[in-house]
Amino acid sequence: MGLQRIVGPASSALDLDDLKRRLKVEHTDDDVVLDAFLQGAIAHAEGPEGFTGRALIDQTWDLYLDRFPGAGRWHGFKPWHVQVAHPDNVIEIPLPPLIAVEAFKYLDEAGNELDVDAATYVVDTASQPGRIVLLADSQW
């Protein structure tokens, strides 16, 4: 599995001015140092290597998998209520919360990039982490 950030957050989870207000710092003498500490703390907390394992602000990532999950099938998924899907039919998306899946593609044996038929899966943004779930009577 590989993750690559495509679009970073539009803003910081906490900005320097807010940090300074919380610390009751009114001068600008240490702004460079405080900002470096702030960015280091955010980097330590978020992302695939961060201790939260989450994205703190909206961002866009590409997820690369070596293969589809197992070839098993699971029957009965209804996206309007909670059920537990068979693990072979689920792709968990890291870095919750999942907002949306913009594209779901795969490479065929010839190396051509193809779209996965959207009629065969549902995107579950309610679960943590979010997931792509294969629908009943479908296969990867």
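Predicted model: local features only at pLDDT ≥ 70, side-chain atom pairs only at ≥ 80, totals over all residues.
Residues are numbered from 1 along each chain as its sequence is written, and side-chain values use heavy atoms, with hydrogens and water left out.

Let me begin with the layout. The chain has 2 helices and 7 strands, where helices (H or I, at least four residues) and strands (E, at least two) are DSSP runs numbered from the N terminus. Read from the N terminus on, the order of these elements is β-α-α-β-β-β-β-β-β. Of the 140 residues, 26% count as buried, and here buried means under 20% relative accessible area, exposed means over 50%, and partly exposed is what lies in between, with a 1.4 Å probe and protein chains only. If we take the contacts between residues at least 6 apart in sequence, 60% of them join residues at least 24 apart, a contact being heavy atoms within 4.5 Å.

Now to the strands, and in particular to E7, which covers 131–134. Which strands does E7 pair with? E3 and E7 pair in the antiparallel sense over 3 bridges, and E6 and E7 also pair in the antiparallel sense, over 4 bridges; strands pair if DSSP finds at least two bridges between them. E6 and E7 form a hairpin, with 6 residues between them. As a general point, side chains in a regular strand alternate between the two faces of the sheet. In E7, Arg 131 and Val 133 point one way while Ile 132 and Leu 134 point the other way, and all of them are buried.

In soluble globular proteins, nonpolar side chains tend to be buried together. What does Val 116 touch, leaving aside its neighbours within four places in sequence? Val 116 is in contact with Phe 68, Phe 104, Lys 105, Tyr 106 and Tyr 121.

Several of those names return when we turn to the rings. The structure holds 5 aromatic pairs, meaning that rings of Phe, Tyr and Trp (its six-membered ring) have centres within 6.5 Å, with planes under 30 degrees apart counted as stacked, over 60 as edge-to-face and the rest as tilted. One of these pairs is Phe 104 with Tyr 121, which is edge-to-face at 4.9 Å centre to centre and 80° between the planes. This pair links distant parts of the chain, 17 residues apart, with Phe 104 in the loop between E3 and E4 and Tyr 121 in strand E6. Both residues are buried. Ring pairs also link Phe 68, Phe 104, Tyr 106, Tyr 121 and Trp 140 into a cluster.

Finally, the backbone. Where are the cis peptide bonds that I would point out? One runs from Pro 96 to Pro 97, with omega near 0°, and Pro 97 sits in the loop between strand E3 (90–92) and strand E4 (105–107). Another runs from Gln 128 to Pro 129, again with omega near 0°, and Pro 129 lies in the loop between strand E6 (121–124) and strand E7. Leu 95, although not a glycine, has a positive phi of about 65°, and this residue lies in the loop between E3 and E4. Asp 137, in the segment after E7, likewise has a positive phi, near 60°.
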